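Student: I have not seen this structure before. Please show me how to read it, one feature at a time.

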Amino acid sequence: MYQLLLIATLCQPADALQPENVKPGPHDWLIKNETIVSLHKEVNLHRARSGLPPVAIDTNMCLAAQRHAVYMSNYGFMHSGLPYMEIINQSHPNAQGAVYSWAASPPHNGIMLSNATSVGFGYALRGGYPYWVGVFR
């Protein structure tokens with residue numbers, strides 16, 4: 001019950017405009033969330049600085065990432081075993097900090113700068129601790 005409440009609370013639609021490179025899907029409410037939009041923007045800015053094209057946000061991948069973020073907030077910091085390249089973070093208070101942290105880690109940075117074309121993000125907050133998830137395909 002707490003997991004569903006956290007997802008519903010976190011992922012209410014925001015008024016942010018969707019980027020042009022969005023792949024629509026049945027869970028579009030996730031890609032309208034302000035935090036998810038910010039993660040997507042920061043990752044694409046990071047890719048652009050390296051001369052790479054943007055990745056399109058995928059709503060189904062966001063749903064998988066969001067579920068894992070909520071799982072980590074309940075059971076601890078761990079990788080998911082999802083069928084995607086995955087980056088996780090626990091500690092930074094905002095999307096920009098999470099992306100900067102991933103960029104400073106060669107394995108995580110390698111995933112962000114990979115030849116992926118689609119991405120999904122999730123975020124959960126529990127007890128003041130943020131849990132960040134990015135999945136790339």
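Tutor: Start with a hairpin: strands E4 and E5 form one, with 2 residues between them, and Gly127 in that turn has a positive phi of about 60°. The model is predicted, so local features need pLDDT of at least 70 and side-chain atom pairs count only at pLDDT 80 or more, while totals for chains, interfaces and linings use all residues. Residues are numbered from 1 along each chain as its sequence is written, and side-chain values use heavy atoms, with hydrogens and water left out.

Student: What do the labels H and E stand for?

Tutor: Helices (H or I, at least four residues) and strands (E, at least two) are DSSP runs, numbered from the N terminus.

Student: How many bridges join E4 to E5?

Tutor: Two strands pair if DSSP finds at least two bridges between them. Strand E4 (residues 118-126) and E5 run antiparallel and are joined by 8 bridges; Leu125 stands opposite Pro130 in E5. Strand E3 (residues 85-90) also pairs with E5 in the antiparallel sense, over 6 bridges, and there Glu86 has Val135 as its bridge partner.

Student: Is E5 mostly covered or mostly uncovered?

Tutor: Buried means under 20% relative accessible area, exposed over 50%, and partly exposed in between (1.4 Å probe, protein chains only). In strand E5 (residues 129-136), 7 of the 8 residues are buried, so E5 is mostly covered.

Student: What span should helix H4 have?

Tutor: The expected span of a helix is 1.5 Å times one less than its number of residues. For the 17 residues of H4 (residues 59-75) that gives 24 Å, and the end C-alpha atoms are 24 Å apart, which agrees.

Student: Which residues touch the most others in the largest nonpolar core?

Tutor: A nonpolar core is a set of buried Ala, Val, Leu, Ile, Met, Phe, Trp, Tyr and Cys residues joined through side-chain atoms within 4.5 Å. The largest has 22 residues, of which Leu39 and Phe136 touch the most other members. Elements that give two or more residues to this core include helix H3 (34-49), H4, E4 and E5. Helix H5 gives the most, with 4 residues.

Student: What does Leu39 touch?

Tutor: Contact means heavy atoms within 4.5 Å. Not counting residues up to four places away in sequence, Leu39 touches Ala95, Val99, Trp102, Phe121, Gly122 and Trp132. A second, separate core of 10 residues includes Ala69, Val70, Ala124 and Val133.

Student: How many aromatic pairs are there?

Tutor: Rings of Phe, Tyr and Trp (its six-membered ring) pair if their centres lie within 6.5 Å; planes under 30 degrees apart count as stacked, over 60 as edge-to-face and the rest as tilted. The whole structure has 3 such pairs. In one of them, Tyr71 and Tyr75 have ring centres 4.7 Å apart and planes at 40°, so the pair is tilted. Both lie in helix H4, 4 residues apart, about one turn of the helix. Tyr71 is partly exposed at 38% relative accessibility, whereas Tyr75 is exposed at 55%. In another pair, the ring centres of Phe121 and Phe136 are 6.3 Å apart and the planes are at 90°, so this pair is edge-to-face. Phe121 lies in E4 and Phe136 in E5, so the pair ties together parts 15 residues apart in sequence. Both Phe121 and Phe136 are buried.
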